[in-house]
Amino acid sequence: LNKDAFIWLRPRRFGKSLFLNTLDAYYNLLYKDKFQDNFGHLYIGKHPTKEQGSYYVLKLNFAKLNTKNADSFEKSLNDIINDDCKQFS
C-alpha cells in the first residue's frame with residue numbers, strides 16, 4: 001500500500017457525504033461567492049487558506065454501478081465517468 005494513499009472507510013451514517021460536501025463548498029470555485037454565507041461565522045471563515053475557492057470540483061456518483069459481473073461493472077463505470085465528465089465541461 002502506498003503510504004501516501006488514503007482509504008476513507010467509515011460505517012454508514014458517519015458523515016462521509018457531509019464531509020465531502022463541506023470540502024466541495026470550501027474549495028469549489030463555483031461557490032466562492034457564497035463563502036461568507038457558508039463559513040463566515042466559523043473559524044475557517046475568518047481564517048481562510050489561500051486555496052479556498054480555487055478549484056473546479058468533479059463529483060462522481062457510483063451509486064448506480066452495475067456489479068453483477070466484471071463486464072457490466074466495467075461498462076457501467078466507464079459510462080458513469082464519461083457522462084459526469086461530459087456534464088462537467
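S76 is buried, with a relative accessible area of 12%; buried means under 20% relative accessible area, exposed over 50%, and partly exposed in between, with a 1.4 Å probe and protein chains only. This is a predicted model, in which local features need pLDDT of at least 70, side-chain atom pairs count only at pLDDT 80 or more, and totals for chains, interfaces and linings use all residues. Residues are numbered from 1 along each chain as its sequence is written, and side-chain values use heavy atoms, with hydrogens and water left out.

S76 lies in helix α4, where helices are DSSP runs of H or I with at least four residues, numbered from the N terminus. Its side chain reaches the backbone nitrogen of N66 at 3.0 Å. Not counting residues up to four places away in sequence, S76 touches L65 and N66, contact being heavy atoms within 4.5 Å.

F62 sits in the loop between α3 (43-46) and α4. With 38% relative accessibility, F62 is partly exposed. Beyond its neighbours within four places in sequence, F62 is in contact with L77, I80 and I81. From D37, F62 is 25 residues away in sequence and 30 Å away in space, C-alpha to C-alpha.

F88 is in helix α4, which covers residues 70-88. F88 counts as partly exposed, at 41% relative accessibility.

Both F62 and F88 belong to a nonpolar surface patch that also includes L29, L30, Y56, L58, L60 and I81. Together these residues have about 730 Å² of accessible area, computed by the Shrake-Rupley method with a 1.4 Å probe, where for residues only the protein chains shown count as cover.

Terms used:
Patches are made of residues with over 30% relative accessible area and no salt bridge: like charges are joined within 9 Å, nonpolar side chains (Val, Leu, Ile, Met, Phe, Trp, Tyr) within 5 Å. A salt bridge is a side-chain nitrogen of Lys or Arg within 4 Å of a carboxyl oxygen of Asp or Glu. Helices (H or I, at least four residues) and strands (E, at least two) are DSSP runs, numbered from the N terminus. A polar contact is a pair of N or O atoms within 3.5 Å; within protein, one must be able to donate a hydrogen and the other to accept it, and residues adjacent in sequence count only if both atoms are side-chain atoms.
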